[in-house]
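Biologist: Can you walk me through this model? Keep it short, please.

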Amino acid sequence: MLLMIARQVEEFGEARVSSLGKALKLSRPAVSRMLHTLKKKGYVQMKNNEKDQRFVYVYFTDRGRDVLKKEMSFACELMQKIRRRMGDECMKEYLYCAEKFHEILSEEVQNLGYSNRNEGSKR
């Protein structure tokens, strides 16, 4: 969630609760629970738009920025170690296969969701 907040801020200059949900493909209640957990930990703050109270914006606290920076540094270091051990070609092949797997899985989940809805309406 912290990474997605950072991406939204970088891309759009702000992070809205609704945009985070769409980007992560999560329901509003799921996003709300995650954000409230991050707020309790002191990583983010949330504020309603002054003009339109329906829009809630998410902001990093200094502590949240520090946590994100540390986690990103750790993740980069870890990925470099994995790449060194796997080798560039093996890593590229793995990433290609993982992407292909995700693409097929997403299509199959959508197909199952569509068929289940149609079956339910026939009953």
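Modeller: Let me start with a term. Axes are lines fitted to C-alpha atoms, for helices over the stretch in contact, and angles run from 0 to 180 degrees between N-to-C directions. Helices (H or I, at least four residues) and strands (E, at least two) are DSSP runs, numbered from the N terminus. The axes of helix α2 (residues 17-24) and helix α3 (residues 28-40) come within 9 Å and cross at roughly 110°.

Biologist: What does that angle make α2 relative to α3?

Modeller: The angle makes α2 roughly perpendicular to α3. Angles of 65 to 115 degrees count as roughly perpendicular, under 35 as roughly parallel, over 145 as roughly antiparallel, and the rest as oblique.

Biologist: Which residues meet there, in α2 and α3?

Modeller: From α2, Val17, Ser18, Leu20 and Gly21; from α3, Arg28, Val31 and Leu35. Contact means heavy atoms within 4.5 Å. The residues of this α2 and α3 contact divide into 4 nonpolar, 2 polar and 1 charged. Ala, Val, Leu, Ile, Met, Phe, Trp, Tyr, Cys and Pro count as nonpolar, Asp, Glu, Lys and Arg as charged, and the others, Gly among them, as polar.

Biologist: Back up. Where do the coordinates come from?

Modeller: This is a predicted model: local features need pLDDT of at least 70, side-chain atom pairs count only at pLDDT 80 or more, and totals for chains, interfaces and linings use all residues. Residues are numbered from 1 along each chain as its sequence is written, and side-chain values use heavy atoms, with hydrogens and water left out.

Biologist: Where is confidence lowest, and where is it highest?

Modeller: pLDDT is the predictor's confidence in each residue, from 0 to 100. The lowest mean is 81, in helix α5 (residues 88-122), and the highest is 96, in helix α4 (residues 62-86). The protein chain averages 88.

Biologist: And α1 with α4?

Modeller: The axes of α1 (residues 2-12) and α4 come within 10 Å and cross at roughly 105°. Leu2, Leu3 and Ala6 of α1 touch Val67, Leu68 and Met72 of α4. That contact has 6 nonpolar residues, no polar and no charged.

Biologist: New topic. Is glutamine 8 buried or exposed?

Modeller: Glutamine 8 is buried, at a relative accessible area of 6%. Buried means under 20%, exposed over 50%, partly exposed in between (1.4 Å probe, protein chains only). Glutamine 8 is found in helix α1.

Biologist: What about tyrosine 57?

Modeller: Tyrosine 57 lies in strand β2 (residues 56-60). Tyrosine 57 is buried too, at 11%.
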